[in-house]
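Subject: Structure handover

Hello,

Here is the structure I promised to pass on. Please open it next to this email and follow along. My notes come after it.

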Amino acid sequence: MVTLRRGLRQGLEDSGPVGLGAVPMGMAFGVLVAHSGLAWWWASVFSGLIYAGSLEFLFLGLVLASAPLGTIAVTAFLVNFRHVFYALSFPLHRVRGRLGKVYGTFALSDEAYAVAAGTRAASFGGRRILRLQAFVHLYWAGGATAGALLGTVVPARVAGLDFAVTALFTVLALDAFRAPEPGRRDVAGAVLAGVCALAARLVLPGQMLLAAFALFTAALLARRALGRARP
Amino acid sequence: MPDTGYLLAAVATAVAVTWGLRALPFAVLAPLRSSPLPAYLGAAMPVGVMVILAVYTLRDLDPGVPGRAVPAALALAFTVAAHLWRRDAVLSILGGTALHVALCSTVFAP
């Protein structure tokens, strides 16, 4: 049985590197919430409950524009669909009990997955995995709350802060692109996605995101079908 | 400003979809594992999804309005270069954003 003190220290150590990224990103989100005119505690609600970094930035823009719930559902589905594939390698079978599994899946963020499915965590037990997830959750929600509180105190509106979202997706795109070895990187897929996004922006600016995702998925399926037809 | 009822409904919607995507696949793990199409899409989609999201955040930029397009282009170039060089997400994001804020509030201030 691990003592509370040791458990906390272990959680801190396991999640430390991720915290370096999650806290500042959470703070950037909190500052955006504060500057949007919403009460500061909405940053805690959004980041604590939705708890999906990239979706929250889009979500904030959508609710400020009073987007229909259907649009929010479709956006959440498309942005977070990648999580479906985490089930293939996240060690949920080591987490015991119904409540543990509920939290383990609820807090299955990109960062939590990245650590829990990594080679270093191969020996982690269920409780250690849940503690790690709770720490990452706390970094994000805590960072967002702190950012929102600081954002309300800062009097002048900071121009150009919204670029943090662009930078986040750019960095995630570069990381995803560079994950395989150099020879197996999907240059055509990345270019295809850029073309789909620009085409959607020009043809269907009101539904750009949905149109771009649909176009890109269709293009990938077509590419696979053509690749198969080739001898 | 959106009202509280709408905001709570929006949060509930996003939570339900996100949690569903995270939890349900564990229940249907076996067929997903053996099917080649989800495996192909799972491998090919992430890069493209992130590229589309990055372009989406820049959708309101107009090359004819350099006061907004130039700072974004410079900050984007910085973010990409910094990330290719150091591979440090925090540095790339904070650096790019700081540069964008600095440009928008000084040289390109409206």
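Start with A:Leu92. Setting aside neighbours within four places in sequence, A:Leu92 is in contact with A:Lys101, A:Gly104, A:Thr105 and B:Phe26. Contact here means heavy atoms within 4.5 Å. A:Leu92 sits in the loop between α4 and α5 of chain A. Its relative accessible area is 8%, so A:Leu92 is buried. The cut-offs, with a 1.4 Å probe and protein chains only, are under 20% relative accessible area for buried, over 50% for exposed, and partly exposed in between. A:Phe106 is 14 residues from A:Leu92 along the chain, and their C-alpha atoms are 12 Å apart.

Some ground rules. This is a predicted model, in which local features need pLDDT of at least 70 and side-chain atom pairs count only at pLDDT 80 or more, while totals for chains, interfaces and linings use all residues. Residues are numbered from 1 along each chain as its sequence is written, chains are lettered from A and ligands numbered from 1 in the order in which they are written, and side-chain values use heavy atoms, with hydrogens and water left out.

**Helix α5 of chain A**

Which residues of α5(A) are buried? They are A:Gly100, A:Gly104, A:Thr105 and A:Phe106. These buried residues pack against α2 and α7 of chain A, and also against α1 (4-27) of chain B.

**Chain A overall**

Chain A has 10 helices and zero strands. Both kinds of element are DSSP runs numbered from the N terminus: helices are H or I with at least four residues, strands are E with at least two. The C-alpha atoms of chain A fill a box of roughly 60 × 55 × 35 Å along the principal axes. Chain A has 231 residues, and 48% of them count as buried. Take the contacts in chain A with a separation of 6 or more: 72% of them come from residues 24 or more positions apart.

**Salt bridges**

How many salt bridges does the structure hold over all chains? The total is two. The criterion is a side-chain nitrogen of Lys or Arg within 4 Å of a carboxyl oxygen of Asp or Glu.

One joins the side chains of A:Asp14 and A:Arg128, at 2.8 Å from N to O. A:Asp14 is in helix α1 of chain A and A:Arg128 in helix α7 (residues 126-153) of chain A, so the pair ties together parts that are 114 residues apart in sequence. A:Asp14 is buried, at 4% relative accessible area. A:Arg128 is partly exposed, at 21%.

Another links A:Arg223 with A:Asp186, whose closest N and O atoms are 3.1 Å apart. A:Arg223 belongs to helix α10 of chain A and A:Asp186 to the loop between α8 and α9 of chain A, so this pair ties together parts 37 residues apart in sequence. A:Arg223 is partly exposed, with a relative accessible area of 29%. A:Asp186 is also partly exposed, with 24%.

**The interface**

Chain A puts 82 residues into the contact and chain B puts in 63 residues. The area buried between the two chains is about 6500 Å², and carbon and sulfur atoms give 79% of that. Buried area is the accessible area (1.4 Å probe) that two parts lose on being put together, summed over both. In chain A, the residues that lose the most area to chain B are A:Phe163, A:Arg178 and A:Arg224, together 10% of what that side buries.

Between chain A and chain B there are zero salt bridges. There are 13 residue pairs in polar contact, both residues at pLDDT 80 or more. A polar contact is a pair of N or O atoms within 3.5 Å; within protein, one must be able to donate a hydrogen and the other to accept it, and residues adjacent in sequence count only if both atoms are side-chain atoms.

Several helices of chain A each supply at least two residues to this side, including α1 (4-36), α8 (163-178) and α10 (208-229). α8(A) gives the most, with 16 residues.

**B:His83**

B:His83 lies in helix α4 (residues 66-86) of chain B. B:His83 counts as buried, at 1% relative accessibility. A polar contact of 2.9 Å joins its side chain to that of B:Ser92. Beyond four places in sequence, the contacts of B:His83 include A:Val171, A:Leu174, A:Asp175 and A:Arg178 from chain A.

Best wishes
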